[in-house]
Amino acid sequence: MNSPTVNRTVPLLVTALLAVDGLHFVFARALSGILPATTSAMLVTGTASVIMIVYAASQGKLRIQTLRKHLGFFLTIGSLPALSTALSYTAVFYIDPGTASLLQQTAVIYGVLIGVIWLREKLAWRQVIGALVCLVGVGIITFQPGDYLRAGAMLVLVSTFLYALHAAITKRYGGPIDFVEFFLWRVTTMTAFLFIGALAQGIVRGPAEPAGWGLVVFTGTLDVVVSRSLYYLTLRRMPVSVFSLVLTLSPVVAILWSLGLFGIQPTLVQAAGGAAVLIGVAIVTTGRA
């Protein structure tokens, strides 16, 4: 049973996560004008790896034996998000970040199915209703004519499935591992896979300008270290199915970021879908057993 303290931290973690989660494709688009997709992903996660190595060492948690003990687990959760990130960084060459963020919310479908079928999680009847409302909202804002048949959109859909699968594997097998060590070896193995991919493509290089390096470091810090730390801390405290439903709020937040930063207003259809998502998530989160 979760302690009252843990239960109180969940809304704070979710709020902080949603504030930064919707920026993933914005950063990917910004880097697309500087570097190839796999190279950008490699350097971004490489930055996160360096940060985590320094932090883990300062905490006395830079233990190679943890990687050896759980090598199969870390290779799995390193390779899946590595491929997922490379695909999502490639996708923004073809579609805009807003559409990509909306399409990414098909994760709710993958997450609920994986959580219920594989992890044997249970949903209360109110959560089922909330899930259906969420799915309606996702359907409204995602499957608009012309979007889901584009090459970029298909890349996002595959990327999202891979990331949802990695989340389920993490939820099932990653709980007993110390969080700092878990996150350290996750981003390190992910960087290794991306480096191999970039090396195979012959595109291992850095940005030509100092500003490019600044963007890489900033993205690695915020979009990986901060965002993914919040992601995994929240995942450890919530069922995968409910967690996936809550993350459907991400495109709503992304739309707000777009409005504030770029003055891009959502369409009426997007607003209607976002409202349905908000209502569905509210039902789910207030109906937890």
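Start by selecting Thr234, which is buried at a relative accessible area of 1% (buried means under 20%, exposed over 50%, partly exposed in between, with a 1.4 Å probe and protein chains only). Thr234 sits in helix 11, residues 210-235 (helices are DSSP runs of H or I, at least four residues, numbered from the N terminus). You're looking at a predicted model, so local features need pLDDT of at least 70 and side-chain atom pairs count only at pLDDT 80 or more, while totals for chains, interfaces and linings use all residues. Residues are numbered from 1 along each chain as its sequence is written, and side-chain values use heavy atoms, leaving out hydrogens and water.

Now show what Thr234 touches: Leu13, Val14, Leu17 and Phe243, leaving aside residues up to four places away in sequence (contact is heavy atoms within 4.5 Å).

Next, select Leu71, Leu75, Phe193, Phe195, Ile196, Leu199 and Val204, which make a nonpolar surface patch of about 600 Å² (patch residues have over 30% relative accessible area and no salt bridge, a Lys or Arg side-chain nitrogen within 4 Å of an Asp or Glu carboxyl oxygen; nonpolar side chains are joined within 5 Å, like charges within 9 Å). Helix 5 (71-91) and helix 10 (179-201) each give two or more residues to the nonpolar patch, and helix 10 gives the most, four. Click on Ile196 in helix 10: Ile196 counts as exposed, at 52% relative accessibility.

Last stop: helix 2 (residues 24-32) against helix 5. Their axes are 8 Å apart at an angle of about 65 degrees (axes are lines fitted to C-alpha atoms over the stretch in contact, and angles run from 0 to 180 degrees between N-to-C directions). To see the contact, pick His24, Phe25, Ala28 and Leu31 of helix 2, plus Thr85, Ser88 and Tyr89 of helix 5.

Technical notes
Areas by Shrake-Rupley, 256 points an atom, 1.4 Å probe, with all protein chains shown as cover.
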